[in-house]
Amino acid sequence: MKKNIFLALLMMVIAFGANAQKFRGLDKSPRDIAYFPDHFAHDRKEGEKALVKVSYSRPFLNGREIFGKKEPYGKVWRLGADESTEIKFYEDATFGGKKVKAGTYSLFAIPGEKEWTIIISSDVDYWGAFKYKEANDVLRVTAPVKNVDAPIENFSIVFEKVSDKQAKMYMGWEKTVVEVPVSF
């Protein structure tokens, strides 16, 4: 009898162990979303529609020197960490003065000391910028670099409302901020 109970318990342990799921640990760089209108999903009002959404990872500064060192000038960067940054336009838009069709794209940058080249690419769902192909660029715009006094600890993207159909998209990290106008 004791032997049967022991065998039954042993079988249950094995069965539960075989069905256990393995979950990944937390990413080092948390994912975040920037909307226009700002904080759209949280503050959504009846009948309101999102115009653009950016999903990206927010790496930490951790006392490092980023631009020109960790992220070299003149080299394509994924605008964040981990999986490439994704931008979704819910309707046709003008991004940095250039037309872009509604859709989902990857967002990259080529940082420079005085200006950045911001790239919208048709390639999505890639890790980093390792498989970036210039041939898949939808558009490129340049944005001047603004230096700020207080360091920005986590890479950040935010939309500042200009009007109901216009915003400024800010990207900042370390002591660097760039701005791209967006309209719908």
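1. Start with the second largest pocket, which is lined by E65, F67, Y73, G112, E113, K114, W116, V145, N147, E174 and T176. Strand 8 (137–163) and strand 9 (166–183) are the elements that give two or more residues to this lining. (Strands here are DSSP runs of E, at least two residues, numbered from the N terminus.) A pocket is an open set of points on a 1 Å grid over the protein atoms alone, where a 1.4 Å probe fits, with protein on both sides within 12 Å along at least five of seven lines; lining residues have an atom within 4 Å of a point.

2. A word on the model: it is predicted, so local features need pLDDT of at least 70 and side-chain atom pairs pLDDT 80 or more, while totals for chains, interfaces and linings use all residues. Residues are numbered from 1 along each chain as its sequence is written, and side-chain values use heavy atoms, with hydrogens and water left out.

3. Now the largest pocket: K70, E71, P72, K75, V76, W77, R78, G128, A129 and F130 line it.

4. W77 also pairs with W116: their ring centres are 5.9 Å apart and the planes sit at 90°, so this is an edge-to-face pair (centres within 6.5 Å, using the six-membered ring of Trp, and planes over 60 degrees apart). W77 is in the loop between strand 2 (52–57) and strand 3 (85–89), and W116 is in strand 7 (residues 115–121), so the pair ties together parts 39 residues apart in sequence.

5. Both partners are buried (under 20% relative accessible area, 1.4 Å probe, protein chains only): W77 has 3% and W116 has 1%. Y56, F67, W77, W116, F155 and W173 form one aromatic cluster.

Methods: Rings of Phe, Tyr and Trp (its six-membered ring) pair if their centres lie within 6.5 Å; planes under 30 degrees apart count as stacked, over 60 as edge-to-face and the rest as tilted. Helices (H or I, at least four residues) and strands (E, at least two) are DSSP runs, numbered from the N terminus. Buried means under 20% relative accessible area, exposed over 50%, partly exposed in between (1.4 Å probe, protein chains only).
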